[in-house]
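The sequence and structure come first.

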Amino acid sequence: MSSRPREDLDSLSPASKKLRLDPESQVLAEQSNNSVASSERGAMAKNGTDGIDESLYSRQLYVLGHDAMKRMNRSDVLISGMGGLGIEIAKNVVLGGVKSVTIHDEGNVTIENLASQFFFTEADVGKNRALVTEPKLAELNTYVPVKAETKPLSEELIGKFTVVVLTNSSLEAQLKIGDFCHSRGIHLIVADTRGLFGQIFCDFGPDFTVIDTNGEEPLSVMVAAITKEEDAVVTCLDENRHGFESGDYISFTEIQGMAELNYTDPRKIKVLGPYTFSIGNTEGLSDYVRGGIAKQVKMPEKVPFKSLRQSLAEPEHVITDFAKFDRPGQLHIGWQAIHKFEKDYGTLPRPRNKDDAAKVLAIAKEINSQATDATKQEELDEKLMSHLASNATGDLCPMQAFIGGITAQEVMKACSGKFMPIRQWLYFDALECLQEDDPEGLTEEDCKKTGSRYDAQVAVFGSAFQQKLSQLKYFMVGAGAIGCELLKNFAMMGVCCSPQGKLTLTDMDIIEKSNLNRQFLFRPADVQSPKSNTAGKAAKQMNPALNIVAHLNRVGPETENVYNDDFFEGLDGVANALDNVDARMYMDRRCVYYRKSLLESGTLGTKGNVQVVLPFLTESYSSSQDPPERSIPICTLKNFPNAIEHTIQWARDEFEGLFRNPAENVQQYMSDPRFMERTMKLPGMQPFETLHSLKTFLVDDRPANFDDCIAFARIRFESMYTNQIKQLLFNFPQDQVTSSGAPFWSGPKRCPHPLVFDPSDPAHMDYLLAAANLQAETYGLPQNRDTAYIRKVVEAVKVPQFVPRSGVKIDVTDSEAQASAQHSADDAELQAVIKALPSPQSLKELKITPIDFEKDDDTNLHMDFIVGASNFRAENYDIAPADKHKTKLIAGKIIPAIATTTSVVAGLVCLELYKMANGNKKLESYKNGFINLALPFFGFSEPIQASKQKYNEIEFSLWDRIEVQGLKADGSEMTLSAFLDYFQKDLKLEITMMSQGVCMLYSFFMNQAKLKERLTYTISEVVTKVSKKKIPKHVRHLVLELCCNAADGEDVEVPYIRYTFR
């Protein structure tokens, strides 16, 4: 590591100031001498007592939950060692939001520290590492006070903390502190990296309690039947599999008949099948009649930990790579050998030094010979020990990100009891990053120090490789959470850090407050600034040599004039840091077309994935896709909700249907002369529905002032939560039975009840306030948020009396709803609506503003309306309501996120980048990764090879294409006729259809007169005439898709065509 500078073996001076316990005294030295703290930050650090800042922590709260965050906010954390690993851990812990963080380091900044410690600059060399780090670390989260400690650790100091993390520490210090922490109930984590190797150890005490082992939302299912017997069987409705596992605990509600099961202690279950499970004895209970909901209950689990001293001799390992199943045991011995080498020789083994490697191996063999049966290896892997010795001084930012991110998550587990901790050792290596052909070919000379900030990386890969990294040309798409981490890693690694290298970064988003919790390059003062510019400047501060150009562009067809042929052809690769599938798939297509490598990654809470896309070797991102999300049936949404998710989606649709869609239609009606013509061509009921919404917006509901907006909101409440329910119950009374004699209101259909508006109910008034003000905003009227005024006005609103009507059709199934949608409106009705519409000319003075839903602005009333609408709908159907936090998650389709996962994923991405830069070509060298830090689980696999197809005995994959040079030597272009002939004669393929984008250029069944004319056009002329669009000037090639017959007349798949015409 960079915090352990190499010295010659002849020198007996310590390699660096290692963590040690003060031998003279166990008393904390004077605080004024040892510690630096900010009183201003301390004053702000009331995160735990004054509540949680949801606007800052919102995405993390969806991962951890409020209770876990509150427990974290009561925890004090000590992190010792402010090298690259220490700062990675500290960064994530501070962002996560604990009560306080104290950072400890007795040593000073060296030039090698700059390989991974992103808060150090060359001007800091010679200054204390903790003191330099403290003010910069504190900027990340004003709720977390940060202190710097520079003297040797004492037991009195350590005893003040909930969690102690040791990095850059001797085994002797680890054992001594480990014994102390274990005896005092202090949670201990030891983390270390050595080049391409990493280690984590956890001891959370003999009786640690895990409150939630996996962080998944508790499952719930609707009950169809419960038997009355000694080992009763519960059968679920066959709409969905229950998803439970044997050993889970289940509680029941809403059971009719066997009501004794409702609201009792959770029962342990045994799974019998996908729709059945047993719950034990029900013989003494009443007979089951109908209904009920079974919900999974998270039960606390006791997890005992051994002390470091005991666990060193009796280790339990978390496997990080199942292809290296025996590796943890080997590294457990090897790591001890490195510690003993450093203790014996006062320094670490030199990179690629054979003598040092031999000494490490000898020490490892000695340790192994004396090891307990639990740790002894049958035979030591000598090559592995040699690599470990050569990597001992290595300090790689991606490895620090990976190990540091995992360690920070373990800190949060120790503080909160949320998720299953590492039990107890984790070892990881990424030796595949070394050059495939000659992983041991580097010499000591190749890896020697030169006084460069990259020396600790050169120690692993050699100086020639460092030059390769600096000259890379990369395109990074996205400067959000993953983008910030990748930028930091690139800067520390020296990627694109020379005049010959170049990093192009683009992101069209601006910074929001919720970003600050995990996008660590941004500060509160940066809110509302462009992400790409801000992130680019911050990365360049970390390494001034970074050659970065920041853009504010969205990637898509509209920017292909910027990211054109010349741009992509000059790249070495692309790194995606995107948050949506459409953009990912677009970039994937561009990389396949230009045959560029792609580093793809993503996170979802504690889960993360990394995919490597390599030209001509692997499948692409788009080759496999996740199954589509299950949609909520239309009838469930409209009339028969049974879960809060249904009512939230209904409320979101209500928002769009009131405040955005009609206003957009009005704008089109006012500005587009062909609006009526296009609307009348829509299928089924759409013309009537569209025009009726126009009439409602422009005539029926159009307010003259804010009082009218209040009246609208009051009548809307009555219509949706009272009248609609009364009509539903009129059609289907509570005692309604189906044709088979079963109760209509049973199973997933919950019998509703109407609400009665109450002006003294704050929730009712909040809904009116939100709805009235949103209505006023849509019509450009002045707003009023005075609840007292609204209550006064609403008392005078005359609410029309509602009487349910016979003959109203309510669709019960989706097939009925779809059939209703296909019906056409009565022509007289449609004409009456058209006649009632004011002319577009008469609306010129009307200022209409469609409201785009924005979930993160707490002042705009969007979420207030949706929370109210959803919860009233839920109250109608006796569904438990959701608070604003949960409603925002579902309505806003928020992706839960936490800084730790992002750090780990970005580290894995950059380990794959090492392999690409090294020119590794073998599929087995690369790793697609999937992680879940909550479990914890790590899964790595070789990327899937690109599948192959054949035509005319020519093999091809998605990376291949047929190149056609359409530009002749005389400057003229190939005609369609010549193009068809070329394929027939030269490639022995008969083209039956040809398209470009969505345009059909040629088909064998075309009108003969049209075909005869088209054959004489050039290909570019055909494209222009069929698409009715000019080909942009920057486009030199056209992508053509063909259907072909082989010589035997059979259909045959062929690659796409890249046709060059300029």
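## Helix α19

In this predicted model, 11 of the 14 residues of α19 are buried, so the helix is largely enclosed by the rest of the structure. The buried residues are Ala 583, Arg 584, Met 585, Tyr 586, Met 587, Asp 588, Arg 590, Cys 591, Val 592, Tyr 593 and Tyr 594.

Helix α19 covers residues 581–594 and reaches 20 Å from its first C-alpha to its last, close to the 20 Å expected at 1.5 Å a residue. Its N-terminal end is capped by Asn 580, which has a side-chain oxygen 3.4 Å from the backbone nitrogen of Asp 582. After α19 comes Arg 595, with a positive phi near 55 degrees.

## Nonpolar cores

The largest nonpolar core contains 166 residues, and Leu 196, Phe 428 and Tyr 474 have the most contacts inside it. Helix α32 (residues 899–917) supplies the largest share of this core, 12 residues. A second, separate core has 74 residues, among them Ala 713, Leu 768, Tyr 779 and Val 793.

Beyond its neighbours within four places in sequence, Leu 196 is in contact with residues including Leu 396, Met 399, Phe 428, Val 460, Phe 461 and Leu 911. Asn 391 and Asp 429 are also among the contacts of Leu 196.

## Seven-stranded sheet

Seven strands form an open sheet with antiparallel pairing, in the order β12-β11-β15-β9-β10-β14-β13. Strands β12 (267–268) and β13 (270–273) are at the edges, each pairing on one side only.

Strands β11 (residues 249–253) and β15 (residues 293–297) run antiparallel and are joined by five bridges. Thr 253 has Ile 293 of β15 as its bridge partner.

Notes. Residues numbered from 1 in each chain as written. Predicted model: local features only at pLDDT ≥ 70, side-chain atom pairs only at ≥ 80, totals over all residues. Heavy atoms only, no water. Core = buried A, V, L, I, M, F, W, Y, C linked by side-chain atoms within 4.5 Å. Buried < 20%, exposed > 50% of the residue type's maximum accessible area, 1.4 Å probe, protein only. Helix = DSSP H or I, 4+ residues; strand = E, 2+ residues; numbered from the N terminus. Contact = heavy atoms within 4.5 Å. Expected span 1.5 Å × (residues − 1). Polar contact = N/O pair within 3.5 Å; in protein donor to acceptor, adjacent residues only side chain to side chain. Pairing = 2+ DSSP bridges.
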